[in-house]
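Please open the model in a viewer and keep the sequence panel at hand.

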Amino acid sequence: MKIKEIVSALERFAPLPLQDGFDNAGLQIGLTEAEATGALLCLDVTEPVIDEAIAHGCNLIISHHPLIFKGYKSITGKDYVERCILKAIRNDIVIYSAHTNLDNAAGGVNFKIAEKIGLKNVQILEPKENSLLKLVTFVPSAQADTVRKALFNAGCGTIGNYDSCSYNTKGEGTFRAGEGTNPFCGSIGELHHEEEVRIETIVPAFRKAEATRALLAAHPYEEPAFDLYPLQNTWTQVGSGVVGELDTCESELEFLKRIKKTFEVGCLKHNKLSGREIKKVALCGGAGSFLLPQAIRCGADVFITGEIKYHDYFGHEEEILMAEIGHYESEQYTKEIFYSIIREVCPNLVLQQSKVNTNPIKYL
Ligand SMILES: [Zn+2]
């Protein structure tokens, strides 16, 4: 299988437009036309990680954190990132990163953390806003099915776990074809009435171009009428952090000790214990403390994230238990997401989950 096909599978799961503005997810280094010889899956790209890929004969490294975050005027090996760039290029290794697009995707990083904790009814904590469009078009009744299918294939009509969602009303369209036209029905210069279906469906804004292309290709008219409306609906399947519930309540200490063990946390920091029962758990892998207000608002008993600043700990002990488990620790199981996405499209590829612990933070 070609590397680009693996990249496509990753981007179907975690589309790049879902990444945050500051991010640099996507292809970092290399050409993707080559056949994949194997893929090494990791959280961070470091020189030992590239050595590991070489040792396993992998010409593809898939990381969660992007290797490259800034523009370069020279690459001379003066820091570890530049040395990684040089080493990867010298060894014909492609580096690809799925970062905040994977954080924000349904089934992404935070869903994996929730799975490790054993949460049920997992939902996005802060769903994305202003990212959906309503697409409306008018199609002759006989062609409505073809156009609907084309739209669904182009990413329209998904609501939660339902696909092919649309609303269809019959009506009558009118038009008069001018000189130089080639009307699908009716005659040039004559007012025409056609029985049409108004098809309404929903589409993520980032798929607008794809949906429009599919509509124009499938619609029989020379000049199809269609409308795109911005929606104020939240996109509940996509966004930051998650919240879910434990099957049975645990005491604060019981819960924190279990988290410490599950994520092999060197030092678990938390705010004051107040004797509450833990049932509802909000979390965000990595540096997720920006979601603390949302965690409190949704009534979570505990908020778990990778990093919390000292001052952010103050004043919340009555509202919520806060637990900081380390950035690396919180996101380490992201490799398993890469593994299952690639395994599904490429059952025979050598897939290696990195054994290098890239956590730069050590504990005494
Ligand atoms: Zn991270």
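Select Glu 264, which is exposed, with a relative accessible area of 60%; exposed means over 50% relative accessible area, buried under 20%, and partly exposed in between, with a 1.4 Å probe and protein chains only. This is a predicted model, in which local features need pLDDT of at least 70 and side-chain atom pairs count only at pLDDT 80 or more, while totals for chains, interfaces and linings use all residues. Residues are numbered from 1 along each chain as its sequence is written, and side-chain values use heavy atoms, with hydrogens and water left out.

Glu 264 sits in the loop between helix H8 (252-262) and strand E11 (269-270); helices (H or I, at least four residues) and strands (E, at least two) are DSSP runs, numbered from the N terminus. The phi of Glu 264 is near 45°, a positive value in a residue other than glycine. Most residues other than glycine have a negative phi.

Next, select Ser 164, in the loop between helix H6 (144-153) and strand E7 (167-176). Ser 164 also is not a glycine, yet has a positive phi of about 60°. With 41% relative accessibility, Ser 164 counts as partly exposed.

**The zinc site**

Select the zinc ion and display its donors: His 65 (NE2), His 327 (NE2) and Glu 331 (OE) coordinate it at 2.0 to 2.1 Å. Donors are N, O and S atoms within 2.8 Å of the metal (3.2 Å for Na, K and Ca); water is not among the atoms, so sites may look incomplete. His 65 lies in the loop between strand E3 (60-63) and helix H3 (80-90), and His 327 in helix H10 (residues 327-331), so the pair ties together parts that are 262 residues apart in sequence. His 65 is buried, at 14% relative accessible area, whereas His 327 is partly exposed, at 23%.

**A buried threonine**

Move to Thr 46, in the loop between strand E2 (39-42) and helix H2 (47-55). Thr 46 is buried, with a relative accessible area of 17%. Leaving aside residues up to four places away in sequence, Thr 46 touches Tyr 80, Cys 84 and Thr 358; contact means heavy atoms within 4.5 Å.

**A helix pair**

Finally, select helix H1 (residues 3-13) and helix H11 (residues 334-345). Their axes are 10 Å apart and the packing angle is about 120°; axes are lines fitted to C-alpha atoms, for helices over the stretch in contact, and angles run from 0 to 180 degrees between N-to-C directions. Ile 6, Ala 9, Leu 10, Arg 12 and Phe 13 in H1 meet Ile 337, Phe 338, Ile 341, Ile 342 and Val 345 in H11.
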